[in-house]
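These are notes for a colleague who will work from the coordinates.

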2 protein chains.
Amino acid sequence: MPAEVSSASPSSPPLTERQEARRRRILHASAQLASRGGFDAVQMREVAESSQVALGTLYRYFPSKIHLLVATMQDQLEHMHGTLRKKPPHGETAAERVAETLMRAFRALQREPHLADAMVRALTFADRSVSPEVDQVSRQTTVIILDSMGLENPTPEQLSAVRVIEHTWHSALITWLSGRASIAQVKIDIETVCRLIDLTAPEGHR
Amino acid sequence: MPAEVSSASPSSPPLTERQEARRRRILHASAQLASRGGFDAVQMREVAESSQVALGTLYRYFPSKIHLLVATMQDQLEHMHGTLRKKPPHGETAAERVAETLMRAFRALQREPHLADAMVRALTFADRSVSPEVDQVSRQTTVIILDSMGLENPTPEQLSAVRVIEHTWHSALITWLSGRASIAQVKIDIETVCRLIDLTAPEGHR
DNA sequence: ATCAAGTCTGAAACTTGTTCTAGATTAGCG
DNA sequence: CGCTAATCTAGAACAAGTTTCAGACTTGAT
């Protein structure tokens with residue numbers, strides 16, 4: 001199985017090696033700065049300097065700070081997906097497995113709360129100009145959830161439930177990041193919404 | 001029944017008449033500019049000018065653009081609550097009534113999509129420094145939902161369901177505002193999540 | 001009415017995201 | 001190799017949120 005080449009939108013001209021390297025340096029610098037101080041700490045001039053790239057070049061690669069952070073999130077999501085798929089959840093019901101997976105992801109975010117802050121804030125603040133990228137993040141999240149459910153071809157009802165779960169996931173993260181909800185609270189909310197899955201399950205489980 | 005004096009946090013020194021008037025002018029200008037062009041169109045210098053107040057004064061009343069927009073949302077939410085409470089929803093089950101109420105609110109937002117954009121973006125972008133205000137908005141929303149359910153003393157489970165509904169509501173609004181979900185899609189998501197209520201209902205309904 | 005404290009004003013300054021420009025470098029090609 | 005188009009760089013410039021400051025105005029208490 002191929003290791004890289006995974007996500008980047010297949011459109012647009014392919015990048016040369018040096019360009020790929022620049023892109024990588026930029027994303028790395030972004031994640032690093034974000035890990036330090038969250039959204040505000042990711043300052044475009046600093047990202048440019050850290051990644052040894054001119055400001056104009058940074059903007060050529062990522063047309064705005066939001067684009068940059070959403071791309072950073074795409075990047076992190078891939079890692080996450082890889083990690084999660086190695087050890088699949090072992091709950092009985094689909095609802096349990098999804099909740100388990102999300103809580104695992106949540107614990108990963110807790111290890112880098114500032115990074116989580118930067119990424120999630122960017123994601124929810126994104127306007128129409130970032131729709132394609134945000135959508136890609138959303139699709140990736142959907143894949144992770146469906147994966148953990150272990151479903152081949154979900155029903156429309158189940159897809160609705162997954163959408164609602166994603167809504168809850170994002171919004172719960174926000175309330176946690178802004179200090180308005182505890183970790184325990186987030187856990188409860190996730191478990192609550194995951195019950196929707198059982199509600200929409202057609203027949204037997206697994 | 002008293003007409004005004006409704007929301008403002010009861011703490012802090014009471015405002016003089018002229019101060020109250022200034023505050024009102026600022027909120028009005030904010031809503032007006034937001035209605036025109038959304039989040040970006042609410043520029044602090046313009047708000048100050050429109051409301052005939054010095055920039056420094058504006059910042060004394062609202063310490064940031066986010067604070068201003070969240071306060072604007074509090075203001076609008078009150079109107080909304082008043083309007084909604086006049087014609088209570090007539091669905092059979094609690095779930096139906098909540099969905100009906102939220103869809104009614106959604107239609108109101110559709111009439112001023114730019115204003116909705118400004119308020120919702122501010123709400124989700126708010127950091128810890130705005131927690132108290134955001135929390136107040138959240139509480140107000142909870143009250144509206146519980147109101148429409150017609151519950152006296154909800155169980156903890158039901159409160160969880162309401163929290164999840166709020167999460168879904170906010171996040172669904174965001175996806176709609178950023179053009180990633182249709183109105184129909186939002187409707188489906190709301191109806192889907194409202195099913196959670198029936199799931200947590202203890203006994204008979206109504 | 002008068003004084004002190006607090007508030008408001010107008011304007012400048014500062015910060016950080018974003019855009020623009022002129023010149024150097026690089027990549028692809030004949 | 002030598003050319004051309006695309007890309008990159010350094011740095012200035014611009015935009016909007018935020019801060020600061022000196023002076024004018026209000027308010028509340030005496």
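1. The buried residues of H1(A) are Arg23(A), Ile26(A), Leu27(A), Ala29(A), Ser30(A), Ala31(A), Leu33(A), Ala34(A), Gly38(A) and Phe39(A). Please keep in mind that this is a predicted model.

2. What do the buried residues of H1(A) pack against? Within chain A, their partners are helix H2 (44–50), helix H3 (55–61), helix H4 (65–86) and helix H6 (113–125). Helix H6 (113–125) of chain B is a partner as well.

3. Helix H1 of chain A, residues 17–41, has 25 residues, yet its end C-alpha atoms are only 29 Å apart. A straight helix would reach 36 Å at 1.5 Å a residue. Where does H1(A) bend? The bend is at Ser35(A) and amounts to about 95°.

4. Over all chains, the structure holds 18 salt bridges. One of them pairs Arg180(A) with Asp135(B), with 3.5 Å between the closest N and O atoms. This pair joins two chains, because Arg180(A) lies in the loop between helix H8 (156–177) and helix H9 (183–200) of chain A, while Asp135(B) lies in helix H7 (residues 131–149) of chain B. Arg180(A) counts as partly exposed at 24% relative accessibility, and Asp135(B) counts as partly exposed at 27%.

5. A salt bridge also forms between Glu157(B) and Arg195(A), where the closest N and O atoms are 2.7 Å apart. The pair crosses between chains: Glu157(B) belongs to helix H8 (residues 156–177) of chain B and Arg195(A) to helix H9 of chain A. Glu157(B) has a relative accessible area of 39% and is partly exposed. Arg195(A), at 31% relative accessibility, also counts as partly exposed.

6. In chain B, the side chains of Asp75(B) and Arg24(B) meet in a salt bridge with an N to O distance of 3.3 Å. Asp75(B) is in helix H4 (residues 65–86) and Arg24(B) in helix H1 (residues 17–41) of chain B, so the pair, 51 residues apart, links distant parts of the chain. Is Asp75(B) buried or exposed? With a relative accessible area of 15%, Asp75(B) is buried, the limit for that label being under 20%. Arg24(B), at 39%, is partly exposed.

7. The last point concerns a network. Salt bridges link Asp135(A), Arg139(A) and Arg180(B).

Methods:
Residues are numbered from 1 along each chain as its sequence is written. Chains are lettered from A and ligands numbered from 1 in the order in which they are written. This is a predicted model: local features need pLDDT of at least 70, side-chain atom pairs count only at pLDDT 80 or more; totals for chains, interfaces and linings use all residues. Side-chain values use heavy atoms; hydrogens and water are left out. A salt bridge is a side-chain nitrogen of Lys or Arg within 4 Å of a carboxyl oxygen of Asp or Glu. Helices (H or I, at least four residues) and strands (E, at least two) are DSSP runs, numbered from the N terminus. Buried means under 20% relative accessible area, exposed over 50%, partly exposed in between (1.4 Å probe, protein chains only). The expected span of a helix is 1.5 Å times one less than its number of residues. The bend at a residue is the angle between axes fitted to the seven residues ending there and the seven starting there. Contact means heavy atoms within 4.5 Å.
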